[in-house]
Amino acid sequence: MGKFQLITKGLIKENPTFVLLLGMCPTLATTTSAINGMSMGLATLFVLVLSNMAISLIAPYIPDKVRIPSYIVVIATFVTLLQFVMQAYVPDIYETLGLFIPLIVVNCIVLGRAEAFANKNGVVDSALDGIGIGLGFTLSLTVLGLVREILGSGSMFGWKFIEGDGILAFVLAPGAFLALGYLIVIFRKLTTK
Amino acid sequence: MAVQSSFKNMTVCLFAICIVCSSLLAGVYALTKAPIDAAAAAKNEAAIKEVLPETAVTIEEERTVDFEGASYAYNLAYDEAGNTVGCAINVAPVGFGGPISIKVGFDASGVIWNTKVLSQAETPGLGAKCVEASFSEQFKGFDPAQKKLAVKKDGGDVDAITASTITSRAYADGVALAVKVFQAIAQTPMPLNE
Amino acid sequence: MEYILIIISAIFVNNILLSQFLGVCPFLGVSNKLSTATGMSMAVCFVITLATVVTFLLNSLLAKFGLEFLQTISFILVIAALVQMVEIVLKKISPALYASLGIFLPLITTNCAVLGVALTVVQKSSPFASAADGMFNLGEATIYAFATSLGFGLAMVLFAGLREQLALNEVPKAFKGIPIALVTASILAMAFMGFSGLV
């Protein structure tokens with residue numbers, strides 16, 4: 001696979017949200033607005049790239065049976081790093097995403113990429129893979145957030161284009177499930193032509 | 001994989017990873033602690049400025065007051081001449097998704113100047129609207145001696161957020177509590193401005 | 001805080017799956033059949049309650065030494081170890097229970113509901129909130145964790161029942177599988193929103 005393909009496959013062919021259906025919890029919970037979705041996606045991207053690189057470096061030295069716990073420790077370290085950095089420099093976003101920042105540890109995408117790709121490939125490829133999948137995740141979350149924001153609050157990226165409230169249900173839990181369901185359908189329709 | 005899964009290898013490997021990771025974290029924690037505290041302090045200070053009259057130029061160090069068995073943090077503020085012009089009190093009533101931390105500012109006569117949410121975990125789209133001006137604006141210049149601090153549903157004068165009575169009620173209760181705390185502070189002999 | 005209030009709020013009003021979105025992966029993944037959904041719910045219930053108690057105690061230990069920054073990393077390690085241990089113990093003392101829960105146990109480590117509840121409880125019991133309200137002691141934390149996992153089970157079993165019915169119906173091709181499940185979940189979440197006036 002070429003280097004370029006490593007990055008682009010995460011966007012459509014192996015899109016983590018719409019095709020692989022991974023990392024559903026943050027996908028549904030943090031996409032109340034486009035900005036929130038994008039922030040969550042970028043936070044995951046950060047952890048994904050670093051943990052992929054670190055794991056591809058240390059994988060040859062780890063006994064097979066303790067590989068999963070080792071990966072989890074590595075991932076948890078980067079997540080905690082991210083927590084510190086966000087608390088220090090973007091405290092508002094950190095507060096909005098709240099619990100879901102530490103929960104990146106148990107996001108199946110991150111551990112999944114470590115297990116499926118990073119431990120068999122070199123540092124550069126693993127980093128590119130992390131960027132690709134991370135971008136795909138960010139893109140999906142932004143789109144989902146945007147749809148929910150437009151329908152639910154009548155605004156786009158915080159810019160309000162109608163007065164008053166939108167369809168409130170789209171900001172709440174039912175709308176999250178519904179919007180994601182329909183986006184997957186649309187995504188399938190577009191990609192299976 | 002070149003390394004065998006012997007007991008010794010596994011123990012050494014996991015141990016080494018844990019040591020490296022926790023020392024890395026300890027290092028970064030020490031590095032980012034200052035900026036994190038600075039960010040929190042800056043936020044707090046900005047909130048104090050926002051809830052107090054513009055004439056407040058000197059903001060005193062945070063003090064605490066005990067009221068009905070709990071302790072509340074507050075800051076007194078003075079104008080250029082050194083007169084007390086306001087007081088900002090922290091309260092944290094429990095809303096729908098946990099405590100809502102609010103800073104309530106009073107002018108010297110006990111009228112609410114402004115309120116500001118420091119942190120909250122209310123439902124986005126519903127209770128989380130308590131941070132928006134459309135809700136918090138109504139507390140500006142709210143005189144607790146004239147009007148009642150409770151949502152209209154409970155016979156008060158606060159307009160609740162649509163479909164978020166619990167949050168609105170908590171907010172109103174929190175501000176009402178701050179009023180009581182303010183009165184308690186006002187009754188104790190005012191600390192001199194040294 | 002009264003126990004009843006905690007229980008009702010955790011099961012119905014703030015249902016972990018349908019309003020907090022924790023543990024959605026197993027919710028969508030293993031809800032095809034009622035029997036697997038029940039097994040998964042029981043395993044999750046067991047692990048969440050146990051993990052919350054252990055992490056609650058661990059957190060006071062961390063706080064004592066000023067090591068709160070190791071929270072995430074130590075919690076996930078403890079949970080992973082706990083799940084392994086439960087698996088081994090269960091295999092030894094109750095092979096029957098192991099046979100029904102066993103296959104779900106390894107999946108639970110990466111179920112964000114477990115870490116999510118552990119972190120929520122610790123946050124709710126942290127001394128940073130000023131007044132005495134809204135904070136948990138060990139007993140309340142345990143009750144909260146147990147009730148939350150009951151809520152998980154309830155949503156899971158209801159959803160699996162719906163999906164079993166759904167499997168018998170014709171759905172448009174693009175909706176097959178997860179999309180129709182998500183739409184169903186949306187309707188279920190709407191039903192649960194009706195509880196929001198309870199507490």
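Trainee: At what angle do helix α8 and α9 of chain C pack?
Mentor: About 135°, with the axes of α8(C), residues 138-166, and α9(C) 11 Å apart. Axes are lines fitted to C-alpha atoms, for helices over the stretch in contact, and angles run from 0 to 180 degrees between N-to-C directions. Helices here are DSSP runs (H or I, at least four residues), numbered from the N terminus.

Trainee: What does that make α8(C) relative to α9(C)?
Mentor: Oblique, because of that angle. Under 35 degrees counts as roughly parallel, over 145 as roughly antiparallel, 65 to 115 as roughly perpendicular, and the rest as oblique.

Trainee: Which residues meet there?
Mentor: From α8(C), Leu158(C), Phe159(C), Leu162(C), Arg163(C) and Leu166(C). They meet Ile180(C), Ala181(C), Thr184(C), Ala185(C) and Leu188(C) of α9(C). By class, this contact has eight nonpolar, one polar and one charged residues. Ala, Val, Leu, Ile, Met, Phe, Trp, Tyr, Cys and Pro count as nonpolar, Asp, Glu, Lys and Arg as charged, and the others, Gly among them, as polar.

Trainee: Where do these numbers and letters come from?
Mentor: Residues are numbered from 1 along each chain as its sequence is written, and chains are lettered from A, with ligands numbered from 1, in the order in which they are written. The model is predicted, so local features need pLDDT of at least 70 and side-chain atom pairs 80 or more, while totals for chains, interfaces and linings use all residues.

Trainee: New topic. How many residues of chain C are in contact with chain A?
Mentor: 31 residues of chain C, with 30 residues of chain A. Contact means C-beta atoms, placed from the backbone, within 7 Å.

Trainee: Which helix gives the most to that side of chain C?
Mentor: α9(C), with nine residues. The side of chain C that touches chain A has 24 nonpolar, seven polar and no charged residues.

Trainee: And how many residues of chain A are in contact with chain B?
Mentor: 28 residues of chain A, with 26 residues of chain B. α4(A) has the largest share of chain A's side, twelve residues. By class, that side has 17 nonpolar, eight polar and three charged residues.

Trainee: Last one. What is Ile75(A) in contact with?
Mentor: Leaving aside neighbours within four places in sequence, Ile75(A) contacts Val47(A), Ser51(A), Val105(A), Val110(A) and Leu111(A).

Terms used. Contact = placed C-beta atoms within 7 Å. Helix = DSSP H or I, 4+ residues; strand = E, 2+ residues; numbered from the N terminus.
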